[in-house]
Amino acid sequence: MKRSGSPSAVVAVLSLTALLASLLQTLAIPLIPNLPVLLNASPTDASWVVTVSLLTGAIVTPVSGRLGDLFGKRRVLLLILAAVITGAVISALAGSLWPMVIGRGLQGFAMGVIPLAFGLFRDQLPPRRIGGAIALLSAALGLGGAAGIPLAGLVAEHLNWHALFWGSAGLGLLCALLTALVVPGSPQRAEGRLDVVGTVGLTVGLVGLLLPIVKGGQWGWGSARTLGFGVAAIVLLLAWARHELRVRSPLVDLRVSARRPVLMANLATVAMGFAIFAMLFAFPQILQAPTATGYGFGQSPVRSGLVVATNGVVALLLTPVAARLISRYGARLAMMLGAIVIAAGYVFVTLRTDSVIEILVASGIIGAGAGISTAATGKLITDAVPVTDTASANGVNTLMRSVGSATSAAVLTVVLAHATISVGSAALPSAEGFRTTFIVGAAAALVGLFFSALIPKRTPMSGGPEEQYSKPVNAPDGDVISKR
């Protein structure tokens with residue numbers, strides 16, 4: 001049966017799936033202190049419950065985008081949701097470490113819905129609706145990531161921790177049912193087949209790259225394991241890039257990714273991912289730090305999470321503004337404005353951290369910039385690539401944001417570890433360490449501004465001429481035509 005959901009219904013359902021994806025990324029964070037006891041595991045092993053979902057999420061995003069372009073975005077979206085539901089049920093039933101790790105790994109697949117949603121917007125919506133749809137989905141991502149921590153903390157505090165994963169399974173099932181009922185199939189398909197060698201190469205290379213970034217603080221940044229993984233990953237990714245340039249049907253079309261609009265947008269995304277994560281990394285620590293530190297507020301995890309969630313709420317409320325900015329001034333200028341607003345938020349919090357209200361205001365400012373920047377980036381990537389590469393190109397962009405976030409966590413861990421004070425028997429980050437963190441966050445936003453400014457002022461627009469592309473597309477009757 002052919003499905004033809006209304007544009008508003010399609011946008012709502014896909015935004016809900018994005019909300020689920022970002023919720024799952026932060027779902028286990030409130031459990032971290034108790035995981036060794038809950039799962040009868042060492043703290044080092046228990047940290048895999050969080051790490052594995054970050055790794056699988058980073059790996060799945062470019063692969064899901066390519067699969068969606070080849071076999072249909074709606075079909076791949078439903079398969080991803082099935083994996084997420086299965087992973088949530090496994091985690092809900094888990095009583096030991098490795099079932100939980102397997103379940104969390106499957107839940108990490110949820111990040112693959114983001115490039116598919118961007119591709120479906122381009123397939124199903126009139127051009128005038130795409131900017132607003134991307135802005136709403138981007139706001140849903142921010143809201144889910146920010147609200148996930150206090151929500152999960154509240155559930156874990158007042159209910160059995162297994163309820164977190166039963167609730168995730170239920171939300172995943174709801175998303176799958178709504179997708180099946182509302183979201184139409186994709187009319188456009190890319191030619192070719194899945195590049196299996198490229199998929200395996202990218203998977204192993206990303207694990208080798210991200211694992212030492214995430215675990216380097218634990219392993220030691222100068223240890224043989226950290227350096228070995230890093231060097232091996234670089235060599236493998238270079239070999240992967242050579243393969244992608246030679247194969248007829250690549251997993252990632254590096255020639256498209258190397259075009260100036262896409263390349264500059266991806267470099268800006270790495271920097272912006274770094275900057276945005278700095279807030280999520282630092283603000284809860286300041287809010288929860290004891291007042292004896294001289295800067296902390298002694299807030300509970302739930303209350304501190306609610307303060308940080310302001311950034312997601314502001315991004316959601318500013319969705320119409322972001323869409324209007326993108327429509328009127330273009331995605332490039334909107335990206336630049338978003339970077340400036342994020343930097344301004346860090347300048348504010350560097351100067352004013354005397355009350356919880358000031359932290360809340362800073363969170364809102366950074367959230368506003370993040371919402372505008374993320375929406376503009378998605379729109380620019382969508383406009384700058386052929387329609388048959390929309391999902392895979394957005395998958396690469398989502399991967400770049402994950403790399404920025406992971407790098408931010410690694411760098412800021414080192415920054416705070418080298419600026420500590422003693423409070424009783426505990427060594428905690430100092431106020432100076434957090435000020436350095438804010439300066440680094442502002443600098444990262446300005447790097448994002450620099451790369452955004454290098455994006456050409458004019459790029460091919462959705463539905464507009466794309467003379468530079470000659471990639472084949474399937475005509476409605478199944479014949480192959482060429483976009484020339």
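Q: Which residues of helix α6 (residues 97-107) are buried, and what covers them?

A: Happy to walk you through it. This is a predicted model, in which local features need pLDDT of at least 70 and side-chain atom pairs count only at pLDDT 80 or more, while totals for chains, interfaces and linings use all residues. Residues are numbered from 1 along each chain as its sequence is written, and side-chain values use heavy atoms, with hydrogens and water left out.

In helix α6, Leu97, Met100, Val101, Gly103, Arg104, Gly105 and Gln107 are buried. Here buried means under 20% relative accessible area, exposed over 50%, and partly exposed in between (1.4 Å probe, protein chains only). Helices (H or I, at least four residues) and strands (E, at least two) are DSSP runs, numbered from the N terminus. The cover over these α6 residues includes α1 (7-26), α2 (35-39), α3 (43-46), α4 (48-71), α5 (73-93) and α9 (162-182). Contact means heavy atoms within 4.5 Å.

Now for the core. The largest nonpolar core has 54 residues, of which Leu14, Val49, Phe121, Leu137 and Phe165 touch the most other members. The elements giving two or more residues to this core are α1, α2, α4, α5, α6, α7 (113-124), α8 (127-158) and α9. Its largest share, 8 residues, comes from α1. A second, separate core of 34 residues includes Ile342, Ala343, Val349 and Ala445. Such a core is a set of buried Ala, Val, Leu, Ile, Met, Phe, Trp, Tyr and Cys residues joined through side-chain atoms within 4.5 Å.

For contrast, let us turn to two residues elsewhere. Valine 200, in helix α10, counts as partly exposed because its relative accessibility is 48%. Serine 257, in helix α12 (residues 254-257), is buried, with a relative accessible area of 16%. Not counting residues up to four places away in sequence, serine 257 touches Val252, Val262 and Leu263.
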